[in-house]
Amino acid sequence: MHKNIYYSWASNFYRLFIGQGLATIISETVNYSLLFYLTSISKSATILSISEIISLLPIALFAPFAGVMADRVSKKKILIFSDTISLIVTLLLFLQAINSHNNLTIDLILISNLLRSTTISIQNPTIQSAVPELVPDDKLLKINGQYSSLQALNQFFPPILGGILYGLLSVDYILLLSGLANVIGICAVIITCFPRNEVNNANQRGFHLLFELKQGLHSIIQVTGLNRVIIYKAFSVAIIVPSTALYPLMTSEHFHGSLKFDAPLVEVSIALGMALSGLCMGNLNNLSHRLTPAGIGVLGIGLSLFISGILPGNHYGFIIFIINFIAGLCIPLIDAPVQTLLQDKIEHKNLGKVISFYLMMIGLAGPAGLSLSSVISKFMSTAEIFIGSGILLILMLLVALFDRKLRSI
């Protein structure tokens with residue numbers, strides 16, 4: 001790892017981590033407020049679906065570009081540039097809100113969401129590829145666990161705070177908060193010291209995206225079993241994401257609970273489990289196999305989904321269903337070891353490309369699973385989908401356990 005002569009790695013890294021984390025929470029809170037605003041003016045499920053697609057699509061489209069650039073250009077410049085673009089878009093939307101007396105059009109909101117989602121899709125692979133340059137190798141698992149905790153906080157606080165802000169503030173003031181998030185993000189990057197030799201100068205060719213991604217794929221194939229890890233992770237995402245999207249429907253349809261009061265309890269339980277597990281990831285560094293936590297995580301989520309599907313559809317069943325806290329505990333057990341493995345096995349000069357490929361696979365797996373689930377839901381109940389998802393995860397784990405290449409990594 002590259003050592004910084006002016007600051008300890010911890011004080012240097014946590015400037016970026018805390019600043020970007022705070023900026024992300026504020027930004028996500030604003031996104032939820034705008035979602036509520038969009039709901040109120042459109043009253044259309046189609047518009048909301050389009051908004052969701054707009055939020056997910058840039059991950060698959062732009063993450064490859066961002067990761068390749070992260071290997072060739074200063075990561076600090078990329079992060080500052082993306083936050084600056086997001087700030088400009090937000091300020092333009094703020095000015096339009098003032099001029100229109102807070103009557104923004106649906107098209108304008110969707111376009112701004114697309115541009116802001118694009119900047120986020122650029123930032124994520126850049127930050128992930130920068131982590132091993134800022135953190136010692138023996139601390140990577142701990143840091144990735146803490147990153148999972150931050151993701152849990154982003155699931156827990158923004159929906160609640162977004163609803164409060166929507167009820168208290170007009171759209172223009174909400175947009176000002178989004179601008180504040182961008183400023184915090186820029187300041188965090190400016191005060192973080194990135195290694196001077198972070199830019200890959202070895203390759204002076206012109207920029208060819210497909211060639212660079214092919215190079216990243218070649219880097220994955222060179223590490224025995226790493227391609228299998230990514231494939232198994234993509235399959236697990238394709239199985240888990242549809243089930244997590246069905247938690248509210250499971251609450252109302254199977255357990256006859258309230259979407260207003262009961263469904264949030266399940267979401268909060270999962271988020272708290274993720275936060276707690278992420279903070280404890282550093283204690284798993286000494287396990288005999290670095291993917292052991294991921295296996296435990298897949299098993300835990302598989303059992304949780306299966307048991308949820310066979311619970312009786314009454315109040316007592318719902319009380320047990322709330323204990324999906326266990327599923328929340330297991331999510332970082334899968335994510336953090338896989339991220340750490342990528343950061344540890346791949347050379348820094350190619351890490352951006354590899355993370356781009358990885359995020360693209362994960363970004364496509366979720367929507368693919370959702371699409372398949374929407375077809376299956378016409379023939380199966382929500383509870384049966386939970387049971388089937390749990391069985392598929394456990395079967396996938398059994399296949400992985402007998403995969404020699406995976407065991408040798």
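Reader: What share of the contacts with a separation of 6 or more links residues 24 or more positions apart?

Author: In this predicted model, 88% of the contacts in the chain with a separation of 6 or more are between residues 24 or more positions apart. Met 274 belongs to helix α10, residues 262-280, and is buried, with a relative accessible area of 4%.

Reader: How many helices and how many strands does the chain have?

Author: The chain has 16 helices and 0 strands. Of its 409 residues, 49% count as buried.

Reader: How should I read the angle between two helices, for instance where α3 and α4 cross?

Author: Angles over 145 degrees count as roughly antiparallel. The axes of α3 (residues 75-99) and α4 (residues 106-134) cross at roughly 160 degrees and come within 9 Å. Therefore α3 is roughly antiparallel to α4. The crossing of α3 past α4 is left-handed.

Reader: Which residue classes make up the contact of α3 with α4?

Author: On the α3 side, the residues in contact include Ile 78, Leu 79, Ser 82, Ser 86, Val 89 and Leu 93; on the α4 side, Leu 108, Leu 115, Thr 119, Ile 122 and Thr 126 are among them. By class, this contact of α3 with α4 has 10 nonpolar, 9 polar and 4 charged residues.

Reader: Which residues of α3 are buried?

Author: An α-helix has 3.6 residues a turn, so residues three or four places apart point the same way. In this case, the buried residues of α3 include Lys 75, Ile 78, Leu 79, Ser 82, Asp 83, Ser 86, Val 89, Thr 90 and Leu 93. Leu 87, Phe 94 and Ala 97 are also among the buried residues of α3.

Reader: What span does α3 reach, and what span is expected?

Author: From its first C-alpha to its last, α3 reaches 36 Å with 25 residues, close to the 36 Å expected at 1.5 Å a residue. After α3 comes His 101, which has a positive phi, near 55 degrees.

Reader: Is Ser 33 buried or exposed?

Author: The cut-off for buried is under 20% relative accessible area. Ser 33 has a relative accessible area of 1%, so Ser 33 is buried. Ser 33 lies in α1, residues 9-42. Leaving aside neighbours within four places in sequence, Ser 33 is in contact with Gly 162, Leu 165, Tyr 166 and Ile 174.

Methods: Residues numbered from 1 in each chain as written. Predicted model: local features only at pLDDT ≥ 70, side-chain atom pairs only at ≥ 80, totals over all residues. Heavy atoms only, no water. Axes fitted to C-alpha atoms, helices over the stretch in contact; angles between N-to-C directions. Helix = DSSP H or I, 4+ residues; strand = E, 2+ residues; numbered from the N terminus. Parallel < 35°, antiparallel > 145°, perpendicular 65-115°, else oblique. Left-handed = near helix turned anticlockwise from the far one by under 90°. Contact = heavy atoms within 4.5 Å. Nonpolar A, V, L, I, M, F, W, Y, C, P; charged D, E, K, R; others polar. Buried < 20%, exposed > 50% of the residue type's maximum accessible area, 1.4 Å probe, protein only. Expected span 1.5 Å × (residues − 1).
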